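Thank you all for making time this morning. I would like to walk through one structure with you, slowly, and build up a picture piece by piece.

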Amino acid sequence: MNIKEALIKCLTEEGLGLSKQEIEKMLYDELEKPEDEVDCEIVDMCIELLAEIDHIKLPDTDVVPPAPPVPARKKKRWKAALLVAAIFVLMVSATIVVSAQVFHFDIVNYVVELFSDHVEVDYGETSQQADNYLPADTDLRKELEAHEISPVLLPDEFLKDAQIQVKYQVTELSKHANIHAVKGSDSIDMTITQYIMKDLIGEGEHQGKIVDSREITVGDIAILVLDFGDRRTISFVDNCTQYILETTLNMDKAIQLAESIQ
């Protein structure tokens with residue numbers, strides 16, 4: 001079954017069960033193609049299915065034609081599809097659709113919304129916990145443990161021999177450690193927040209226009225790596241603890257840094 005057959009089956013039958021994420025990927029992959037290679041029927045069907053999933057009423061249009069349109073009609077429908085897509089995106093989430101070349105759709109453990117000047121991540125929707133933790137056998141881990149921020153997951157390889165400064169803050173609901181580490185010409189700023197209960201973890205906002213992203217898995221923990229051009233953000237949750245790390249490392253090195261967290 002090809003993509004078009006799967007979409008038609010999903011429109012006409014109840015049992016195929018394509019997820020919203022799968023349909024969005026089909027739509028974005030199609031829009032990523034050169035204009036003369038885009039299959040407008042696939043675009044239209046994806047838009048209709050997404051509208052049905054989110055209970056959005058689209059403008060009256062023949063979304064699924066009974067037969068492939070002639071070239072002249074195809075060009076007209078392409079313009080209509082772009083209009084409907086724009087209306088759909090504004091009505092559903094007010095987010096900016098980003099090319100699949102920029103935003104990778106293998107992000108499955110976090111709810112991420114893209115805007116023109118910032119990214120919102122619902123960390124509270126992610127439920128995960130590391131299978132095991134390293135003992136507090138480094139100076140930083142010992143210090144964090146002394147401030148009752150433990151157990152923790154850290155990029156020990158980078159932190160080794162780095163110049164480190166830590167500031168602490170305690171509230172009734174959480175304990176915070178703000179870590180600034182410099183190693184050579186590179187630096188990281190890491191905020192560790194341990195809440196008294198997981199339900200307190202909520203949405204986080206990262207300012208800037210995103211240019212690339214990855215989700216990598218280290219052990220049992222999914223880690224989000226976002227590239228904002230001038231900096232990279234590494235973020236994840238582990239049980240009741242939320243981690244936000246910003247670095248001047250380039251994207252490849254930031255991914256390697258994320259992979260070293262344990």
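Let me begin with a question: is the crossing of helix 2 and helix 3 left-handed or right-handed? The crossing of these two helices is left-handed, and before I say more about the pair, please keep in mind that what you are looking at is a predicted model.

Helix 2 covers residues 20-32 and helix 3 covers residues 40-53, and they pack with their axes 9 Å apart at an angle of about 150°. Angles over 145 degrees count as roughly antiparallel, and helix 2 and helix 3 are therefore roughly antiparallel to each other. If you look at where they touch, helix 2 contributes K20, I23, E24, M26, L27, E30 and L31, while the partners from helix 3 are I42, V43, C46, I47, L49, L50 and I53. Sorted by class, this contact has 11 nonpolar residues, 3 charged ones and no polar ones.

Helix 3 has another partner, namely helix 1, which spans residues 3-12 and packs against helix 3 at an angle of about 35°, with the two axes 10 Å apart. The crossing of helix 1 and helix 3 is left-handed as well. On the helix 1 side you can find I3, K4, L7, I8, C10 and L11, and these meet E41, I42, M45, C46, E48, L49 and E52 in helix 3. By class, the residues of this contact divide into 9 nonpolar and 4 charged, with no polar residue among them.

Let me now step back to the whole chain. There are 7 helices and 10 strands in it, and of its 262 residues 43% are buried. If we take the contacts between residues at least 6 apart in sequence, 57% of them join residues at least 24 apart.

Which residues have the most contacts inside the largest nonpolar core? That core has 45 residues, and the ones to look for are Y110, L144, L154, I192, I223, I234 and F236. Strand 8, residues 221-227, gives the most to this core, with 6 residues. To see what such a residue touches, take I234: setting aside residues up to four places away in sequence, I234 touches I223, L224, V225, Y243, I244, L245, A254, L257, A258 and I261. There is also a second, separate core of 15 residues, which includes M26, Y28, V43 and L49; you have already met M26, V43 and L49, in the contact of helix 2 with helix 3.

Next, I would like to look at two individual residues in strands. I221 lies in strand 8, and with a relative accessible area of 3%, I221 is buried, because buried means under 20%. Apart from neighbours within four places in sequence, I221 is in contact with Q128, Q129, A130, L153, I216, F236, V237 and D238. Between I221 and N239 there are 9.9 Å in space, C-alpha to C-alpha, and the two are 18 residues apart in sequence.

The other residue is V121, which lies in strand 2, residues 118-122, and V121 is buried, with a relative accessible area of 0%. How many residues apart along the chain are V121 and G204? They are 83 residues apart, and yet their C-alpha atoms are separated by 5.2 Å. G204 is also among the contacts of V121, and the others, again leaving aside neighbours within four places, are Y110, V111, V112, G202, E203, H206 and L224.

Finally, let us turn to some details of the backbone in the loops. A cis peptide bond, with omega at about -5°, joins S150 and P151, and P151 sits in the loop between helix 5, residues 139-146, and helix 6, residues 156-159. The loop between helix 5 and helix 6 is also the place of E148, which has a positive phi of about 60° although it is not a glycine. Is E148 buried or exposed? E148 is exposed, with a relative accessible area of 55%.

D161 likewise has a positive phi, of about 65°, without being a glycine, and you will find D161 in the loop between helix 6 and strand 3, residues 163-170. With a relative accessible area of 69%, D161 is exposed.

That is where I will stop, and I am happy to take questions.

Terms used
Residues numbered from 1 in each chain as written. Predicted model: local features only at pLDDT ≥ 70, side-chain atom pairs only at ≥ 80, totals over all residues. Heavy atoms only, no water. Axes fitted to C-alpha atoms, helices over the stretch in contact; angles between N-to-C directions. Helix = DSSP H or I, 4+ residues; strand = E, 2+ residues; numbered from the N terminus. Parallel < 35°, antiparallel > 145°, perpendicular 65-115°, else oblique. Left-handed = near helix turned anticlockwise from the far one by under 90°. Contact = heavy atoms within 4.5 Å. Nonpolar A, V, L, I, M, F, W, Y, C, P; charged D, E, K, R; others polar. Core = buried A, V, L, I, M, F, W, Y, C linked by side-chain atoms within 4.5 Å. Buried < 20%, exposed > 50% of the residue type's maximum accessible area, 1.4 Å probe, protein only.
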